[in-house]
Amino acid sequence: MTHIAPQTSTHQSSARDASPAARLAPGKPGAGKSITLQFADNALLPLLFGDHDRHLARIEQTLGVRLACRGNRVAIAGEPAQVETAQSALNDLYRRLQRGEGVGASEVDAAVRLAAPEADPRLPLADLPAIRTRRGAVGPRTGGQAAYIECLARHEMVFAIGPAGTGKTYLAVAQAVAMLLSGRVDRIVLSRPAVEAGERLGFLPGDMKEKVDPYLRPLYDALNDMMPADQVLRRLATGEIEVAPLAFMRGRTLAHSFVILDEAQNTTPVQMKMFLTRMGEGTRMVVTGDLSQIDLPRGQQSGLRDALETLEGVAGIGVTRFETRDVVRHPLVGRIVDAYDQRGQALRDAGQDGHASG
């Protein structure tokens, strides 16, 4: 059966001129907007609405609109911009279901973020890029993530900078797995500076693997999201996937590999230069970090900041900068990041005022 997309209308002349599937409520200009969506496939509606209409309630709470469903129709009322955002989000979620993809709370949040006017995606929602793995497509949940996925596809070396929870490492691992499974690279190398920049591991119990594994755990977690656990273990054993601290990179040339350096804000300039110059033929490199979470000793410059100042604008190198609105963890995470940023800015302003007074 051919599925028909939801019918809507944006005519604002009269009720007669409006489509029966989408009418604008009468009212004063700018006083609010009401529109009704009609969906063709009733079987998809329970998935679209969620248990006890929880997906609709989530959109209501996020956008401050009113949603009412009756049969295969959903009425949306509220401020015009928010109504249009809700309409785009519902249409996008419905298309996901038509393609056989799932819809949960995270997909609802992503659809709302990508439909918001401030998101300003460069591509229509239906054409946003995705990373294909055997566990399915990994798509962007924010405009920043869409730009990042494009950057990963186009550049051999990519720097991803931004707060925690924006998907910097997760999407890089997804791209690495997709390229490994398609045969475009022969192996994946994942690295992190362990225990600050000095990588002081001697006080920890166990052999070297047991010492560094706790610091590399986020990389293992991302791998296990992309591939079956037994396949991850097998590829780790054969060397197709390597997870190692940054110190192990010295003296090597990495060819036909997808190499990711995570938490790069805790490298020194010397370490960063060493890492970047490991790049060999057919290799892709991704460097991720958050310049607001530098754990280096006071007075020690971050290798990530130094690399950005030195290399940004060099041909073949892409840079993606994430913002707080790209955080895709719990909504509180974005607000926490904002609160710390505002406090930090206030302290810097106070310090500058004190210096000027002195």
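Student: Which residues in α9 meet which residues in α10?

Tutor: Pro269, Met272 and Leu276 in α9 meet Gly303, Leu304, Asp306, Ala307 and Leu311 in α10, where contact means heavy atoms within 4.5 Å. This is a predicted model, in which local features need pLDDT of at least 70 and side-chain atom pairs count only at pLDDT 80 or more, while totals for chains, interfaces and linings use all residues. Residues are numbered from 1 along each chain as its sequence is written, and side-chain values use heavy atoms, with hydrogens and water left out.

Student: How do the residues of that contact divide into nonpolar, polar and charged?

Tutor: The contact of α9 with α10 has 6 nonpolar residues, 1 polar and 1 charged. Here Ala, Val, Leu, Ile, Met, Phe, Trp, Tyr, Cys and Pro count as nonpolar, Asp, Glu, Lys and Arg as charged, and the others, Gly among them, as polar.

Student: At what angle do α9 and α10 pack?

Tutor: Helix α9 (residues 269–276) and helix α10 (residues 303–311) pack at about 60 degrees, and their axes are 7 Å apart. The axes are lines fitted to C-alpha atoms, for helices over the stretch in contact, and angles run from 0 to 180 degrees between N-to-C directions.

Student: Changing topic, how many helices and strands does the protein chain have?

Tutor: There are 11 helices and 11 strands in the protein chain. Both are DSSP runs numbered from the N terminus: helices are H or I with at least four residues, and strands are E with at least two.

Student: And what share of the residues is buried?

Tutor: Of the 358 residues in the protein chain, 47% are buried. Buried means under 20% relative accessible area, exposed over 50%, and partly exposed in between, with a 1.4 Å probe and protein chains only.

Student: Why is α4 described as largely enclosed?

Tutor: Helix α4 (residues 105–115) has 8 of its 11 residues buried, so the rest of the structure largely encloses it. Among the buried residues are Glu107, Val108 and Asp109.

Student: Which helices do the buried residues of α4 pack against?

Tutor: They pack against α2 (54–63), α3 (80–98) and α5 (143–154).

Student: What is the phi of His256?

Tutor: His256 has a positive phi of about 50 degrees, although it is not a glycine. Most residues other than glycine have a negative phi.

Student: Where is His256?

Tutor: His256 is in the loop between β8 (241–245) and β9 (257–261). At 36% relative accessibility, His256 counts as partly exposed.
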